[in-house]
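Colleague: Please bring the model up so that we can go through it together.

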Amino acid sequence: MNHPGIANPTASSIFPPGFAWGVATAAPQIEGGADADGKGPSIWDVFSRRPGATHNGDNLDVACDHYHRFREDFDLMAALGIKHYRLSIAWPRLMPTGVGTVNARGVDFYHRLIDAMLERGITPWVTMFHWDLPQALEDKGGWPTRLVVDAFADYADLVVKSYGDRVKNWITLNEIGVFLENGYGIGRHAPGRKEPAEVVNQAFHHALICHGHGVRAVREHGGRSARVGLTDNSRPMIPLTETPEDIAAARTAFAERNSRLLEPIYRGSYGEVAPTDLELIAQPTDFLGLNIYSGEVVREGAHGRPHSLTYPDHYPTADSPWLKLNARAMYWGPRLAAEVFGVKDVVITENGAGYNDEPPVNGAVLDLHRLEYIRSCLRELRRSIGDGTPISGYFAWSFMDNFEWADGYDRRFGLVYTDFKTQVRTPKASARWFSRIVRENALV
Ligand code: PNW
């Protein structure tokens with residue numbers, strides 16, 4: 001292939017033809033319009049109003065006002081040359097109480113949204129559930145109760161029947177472990193409950209069945225070319241040294257640490273559950289979405305067992321304290337998923353870094369910290385592909401600064417800077433650089 005735009009095209013900087021470059025967001029984090037056109041409240045709308053629940057008491061009422069500004073946002077995306085966009089659909093917009101009545105105005109909103117993307121040559125990747133459970137379902141018990149499963153099955157049918165003629169890339173649920181552990185285990189996320197482990201386990205089982213219904217809905221109503229996968233933040237294990245012993249330790253640790261989700265889905269094995277549930281859960285998917293921000297370093301320890309190392313205080317970290325900047329996660333996460341669980345296709349559905357960036361100065365946001373970290377990640381991603389890991393796409397989190405859950409609007413992950421007072425968008429240095437990566441299909 002000819003790469004006239006790159007000064008020194010080396011094989012190791014060029015990505016495979018057809019590699020899907022994109023950016024990602026989620027409905028509750030960007031849309032606003034919290035009760036526009038008949039939308040019902042989500043658990044995040046309610047939770048964010050509790051005193052002390054979020055940084056500064058930030059809520060989702062307006063967010064990036066994407067609900068009213070999506071055309072301009074897609075103009076900017078198109079101007080940056082972005083061809084793939086991962087978004088999520090807000091369940092409470094389509095079904096304000098989670099079950100039964102369908103809100104036609106909510107359904108229409110996503111018709112307009114999807115059409116606006118397609119008009120600009122942007123391919124939608126739709127996540128069915130990115131954490132905004134209808135509050136009405138929480139009022140009936142939430143994820144720990146089975147009724148969420150039946151409700152989700154109907155919702156997934158509605159979504160795929162409504163948009164499946166134009167949407168061909170589907171993601172069922174985003175990071176099951178994160179929203180359940182945070183939301184029902186430690187109470188840091190909506191709905192803010194602190195339940196014992198068995199309750200969280202029950203919720204986990206229900207979420208896995210919902211994933212199964214998502215896959216089923218796509219197979220039944222999505223058309224033959226539709227593809228579907230689950231997005232997880234499976235913990236990447238990074239061998240301290242890339243030697244056979246530490247790599248073996250990383251492999252063992254990866255299997256153990258991620259088995260809760262990947263075992264039932266990829267091996268159909270599980271504790272005691274109804275066989276029909278397991279059939280739904282273990283249906284073949286087309287890809288595994290991985291959200292990779294960081295990883296855990298391991299080495300071979302005593303008796304050949306993996307030994308995990310804690311990051312020292314001075315280890316380079318983003319402003320999000322959990323985000324230890326270890327780009328090798330991007331090499332090892334996908335490779336171990338393929339080696340240990342036989343994943344045939346990995347799509348990086350999120351990667352990025354959260355900082356409290358300064359506002360634009362003369363129209364510029366010089367986020368070299370983000371740019372260099374993402375670049376290191378892409379270098380590792382390309383190395384993994386070079387070593388044979390099946391990876392077919394990469395989505396930067398996030399297109400623009402948005403509502404970062406409990407951290408509110410303080411923590412910015414965007415390639416584009418959002419001024420939350422004026423709603424002015426300013427592409428950061430990372431956006432301009434990423435745009436060039438997409439255009440060249442190569443590291444620049
Ligand atoms: C993901 N952790 O969440 C979510 O999918 C996004 O909605 C979110 O904005 C993004 O990452 C940045 O945080 C995570 O503590 C939240 O390891 C926390 C963790 C991982 C992912």
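**Pockets and backbone**

Colleague: How much space lies in the largest pocket?

Modeller: The largest pocket holds about 930 Å³, where a pocket is an open set of 1 Å grid points over the protein atoms alone that fit a 1.4 Å probe, with protein on both sides within 12 Å along at least five of seven lines, and volume is the space filled by probe spheres on points joined across faces, edges and corners. This is a predicted model, with local features needing pLDDT of at least 70 and side-chain atom pairs 80 or more, while totals for chains, interfaces and linings use all residues. Numbering runs from 1 along each chain as its sequence is written, and side-chain values use heavy atoms, without hydrogens and water.

Colleague: Which residues lie nearest its centre?

Modeller: Of the 34 lining residues (an atom within 4 Å of a point), Glu 175, Val 178, Asn 182, Asn 233 and Trp 322 lie nearest the centre of the largest pocket.

Colleague: Switching to the backbone, which peptide bonds are cis?

Modeller: The bond from Ala 190 to Pro 191 is cis, with omega near 5 degrees, and the bond from Trp 397 to Ser 398 is also cis, with omega near 10 degrees.
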